[in-house]
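Q: Could you walk me through this structure, taking one feature at a time and saying how to read each?

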Amino acid sequence: MNHDVIKKLEILADAAKYDVSCSSSGASRAAKRGAVGNAVSWGVCHSYTADGRCISLLKTLLSNHCRYDCAYCVNRRGNDIPRASFTVRELAELTIEFYRRNYIEGLFLSSGVLRNPDYTMERLVGVARELRNEYRFNGYVHLKTIPGASEELVHEAGLYADRLSVNLEIPTEANLKALAPEKDHQSVYKPMNYIYRNIAASAEERRKFRSAPRFAPAGQSTQLIIGASRETDRDILSLAASLYDQPKLKRVYYSGFVPVNAYDDRLPPLASAPLARENRLYQADWLMRFYDFAAEEITDGESPDLDLELDPKLAWALRHPEWFPVDVNRDDYHRLLRVPGVGTRSAGLMVMARRRGRLQAGHLAKMGVVMKRAVHFITCDGPRAATINEIGPARLRALVLGGGKKYDPRQLRLPFL
Amino acid sequence: MNLFVYDKTFDGLLSVIFEAFRLKLFPDALRGPADDLPLLAGRVVRVETEAEKAGRVWRGLQNRLSRPALRSLMNAWLTVADEAADELIVRYARRIFAGGDEADFSDPDVLAIREQSQKVAREKMHLIQFVRFQKTAEGIFFASVAPRYDVLPLVLRHFTGRFGDQQWIIRDLARGYGFYYDLTRAREVRPDGQADLAAGRLEAGLPAEDEILFQEAWKKYFQAVSIESRANPKLQRQYMPRRFWPLLIEKQ
């Protein structure tokens with residue numbers, strides 16, 4: 001350990017920060033005698049950056065030298081930036097020492113493409129191999145798969161790593177071709193399918209033999225860059241739905257494009273990263289994964305993009321007054337989940353609690369239901385507010401957006417609304 | 001108003017529940033032995049802690065509650081120093097012994113037990129997240145913490161499992177005790193205990209040779225991964241409350 005390594009870490013961590021995935025969840029590894037570390041399935045965040053993102057893993061590149069020239073990437077060949085590369089040993093030591101101090105849950109390793117994909121992949125796998133075999137590291141490892149790497153290397157990576165990921169980056173192939181001429185979707189889908197088949201095969205094996213090797217037990221994920229090309233939210237969500245559907249992927253990450261290469265006129269002019277849009281996409285993603293929404297439902301409005309002012313569930317509810325009011329004392333869990341302001345936790349509590357007695361508005365608020373939103377979409381015992389069907393979607397929208405905070409003091413206020 | 005005085009231990013509280021049922025008289029408020037009693041206390045009952053009574057109440061609760069509900073109850077007890085969790089537990093126990101349902105979340109006390117328990121669970125999670133070990137010249141990994149509730153004993157299993165091949169000490173600054181893991185098991189150490197020798201030397205500050213380098217690397221890493229154009233200090237504080245910052249290396 002010396003100051004050179006710290007210098008490299010600064011450069012390479014900085015170069016890796018635009019990859020948003022940092023989760024360490026989904027795999028559990030029991031502690032082993034003589035080895036360091038374990039992995040807990042719920043994941044642990046050890047710190048939070050100044051932008052409020054979780055730091056769970058040591059997220060870095062092995063090298064930021066790259067032979068590709070992708071318009072959206074800060075590490076593209078043509079950029080004049082400081083470049084550095086770790087040796088396999090340096091990075092393995094850094095990981096293990098950070099881990100022993102409880103700074104991190106493990107390693108998330110990616111790299112710029114050096115000579116060729118196989119050469120790069122071999123070095124990534126080398127770090128994981130060293131950690132697992134030399135240092136007896138039993139914590140979390142997430143390896144990025146370099147598109148175009150051979151199946152043998154991807155297979156070895158899967159044996160060491162908890163999670164593998166291949167980034168789609170640009171949602172449609174035509175736009176990817178325009179921004180990254182050296183890449184295509186085929187080179188992403190091929191390893192994705194290969195990994196998927198191996199995960200399935202390993203799970204099948206392990207049903208028969210408990211000792212069969214695990215292959216990427218935390219599954220695989222991918223990342224889409226939002227706002228670097230002109231796809232609509234409808235395109236993006238239906239792509240994500242198809243990826244969840246098969247069921248190939250554990251997570252799709254959406255990364256609001258941070259305008260890094262402003263000089264490149266193939267990129268849309270952006271003042272800053274589209275954070276609001278990114279947030280709405282994650283909310284929509286949650287609706288698909290935990291609330292039984294289909295992608296088509298979320299984007300069935302007039303505009304193919306999500307409403308930036310409203311969360312996607314509320315926006316959907318305003319478009320579908322015929323679903324409401326939902327009776328919290330009778331309707332099933334899945335209908336409760338459709339109510340804005342009701343989450344999986346509060347819906348579960350309601351189902352449990354109503355076996356013992358009728359629910360009233362006061363109970364719901366205590367269970368964590370956001371009554372400000374929910375009140376117009378439900379019926380329960382006790383006094384009730386005007387429902388969406390009585391107010392009408394357009395006025396209700398104005399009402400929730402106004403939020404009661406901004407009002408003109410010269411105006412007459414109507415307290416019954 | 002009925003006021004019960006007990007010794008502020010968990011067994012003491014179980015004895016209070018026992019006495020309340022025996023006397024058919026339920027406390028409106030609980031006080032510790034050192035607390036001042038209100039002027040118009042009404043009836044005051046002083047409860048002696050008795051292992052047998054506490055045991056009977058505990059077995060009664062075990063028979064009536066599921067394991068998660070029992071754990072919630074014990075977690076809720078850990079908040080007693082800050083919020084009148086003891087009064088809550090007495091009301092809850094009364095309800096459970098009267099045949100009440102542990103999952104009836106429309107009842108304010110049942111819900112409150114769950115909420116207090118979740119606060120403790122969150123604090124426990126914060127320890128797992130924010131413990132920062134420093135390696136000493138002797139090769140022992142040392143950390144200081146100051147959790148809001150007394151949750152250090154709840155995370156021992158996590159740390160012995162994860163760092164089973166290194167010696168470590170975690171010290172609770174707020175409560176003046178800690179645990180020392182000697183590669184076989186974690187032992188409680190008080191300031192006057194044996195392992196304090198190690199702890200004492202630690203405070204004198206003899207870090208391992210490259211400890212400062214790794215701390216510097218971690219700080220640089222922390223700065224390098226945040227994206228300035230997305231700065232959101234409010235969100236950062238929401239996830240990582242300020243009270244933890246003094247003990248976090250990356251926030252020094």
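A: Gladly, and let's begin in a loop: Pro325(A) sits between helix 10 (312–319) and strand 9 (326–327) of chain A. Keep in mind as we go that this is a predicted model.

Q: Which residues does the cis peptide bond join?

A: The general idea comes first: most peptide bonds are trans, and most residues other than glycine have a negative phi. Here a cis bond links Phe324(A) to Pro325(A), with omega at about 0°.

Q: And which residue other than glycine has a positive phi?

A: Look at Asn102(A), whose phi is near 65°. Asn102(A) also belongs to a loop, the one between helix 2 and strand 4 of chain A.

Q: Let's turn to the sheet. What is the strand order, and in which sense do the strands pair, parallel or antiparallel?

A: In general, strands of a sheet pair through backbone hydrogen bonds, in either a parallel or an antiparallel way. In chain A, six strands form an open sheet in the order 3-4-5-6-7-8, and the pairing is parallel. Strand 3 (57–61) and strand 8 (251–256) of chain A are at the edges; each has a single partner strand, so one side of each lacks a neighbour in the sheet. From one strand to the next, the twist averages 20°.

Q: How many bridges hold the pair formed by strand 7 and strand 8 of chain A?

A: Strand 7 (residues 220–226) and strand 8 of chain A pair in the parallel sense over six bridges.

Q: Now for helix pairs. At what angle do helix 4 and helix 6 of chain A pack?

A: Helix 4 (residues 151–160) and helix 6 (residues 186–208) of chain A pack at about 50°, their axes 11 Å apart. These two helices of chain A are therefore oblique to each other, and the crossing is right-handed. On the helix 4 side of chain A, Glu151(A), Val154(A), His155(A) and Gly158(A) meet Pro191(A), Tyr194(A), Ile195(A) and Asn198(A) of helix 6 of chain A. By class, that contact has four nonpolar, three polar and one charged residues.

Q: Moving to chain B, is the crossing of helix 4 and helix 5 left-handed or right-handed?

A: Helix 4 (residues 85–97) and helix 5 (residues 108–130) of chain B pack at about 130°, with axes 9 Å apart. That angle makes helix 4 of chain B oblique to helix 5 of chain B. Their crossing is left-handed. The contact involves Ala85(B), Leu88(B), Arg91(B), Tyr92(B) and Arg95(B) from helix 4 of chain B, and Asp109(B), Val110(B), Ala112(B), Ile113(B) and Gln116(B) from helix 5 of chain B. Six nonpolar, one polar and three charged residues make up this contact.

Q: Into which domains are the chains divided?

A: Chain A has domain 1 (3–227) and domain 2 (312–402), with C-alpha centres 42 Å apart. Chain B is divided into domain 1 (2–122), domain 2 (131–208) and domain 3 (210–252). Between the C-alpha centres of domain 1 and domain 3 of chain B there are 40 Å.

Q: Last, how many residues of each chain are in contact with the other?

A: The size of an interface is often given as the accessible area lost when the parts come together. Here we can count residues: 44 of chain A are in contact with 42 of chain B. Among the elements giving two or more residues to the chain A side are helix 1 (3–16), helix 2 (88–100) and helix 12 (344–353) of chain A. Helix 1 of chain A gives the largest share, five residues. By class, the chain A side has 22 nonpolar, eleven polar and eleven charged residues.

Notes. Residues numbered from 1 in each chain as written. Chains lettered and ligands numbered in written order. Predicted model: local features only at pLDDT ≥ 70, side-chain atom pairs only at ≥ 80, totals over all residues. Pairing = 2+ DSSP bridges. Helix = DSSP H or I, 4+ residues; strand = E, 2+ residues; numbered from the N terminus. Axes fitted to C-alpha atoms, helices over the stretch in contact; angles between N-to-C directions. Domains from an automatic or database assignment. Contact = placed C-beta atoms within 7 Å. Nonpolar A, V, L, I, M, F, W, Y, C, P; charged D, E, K, R; others polar. Parallel < 35°, antiparallel > 145°, perpendicular 65-115°, else oblique. Left-handed = near helix turned anticlockwise from the far one by under 90°.
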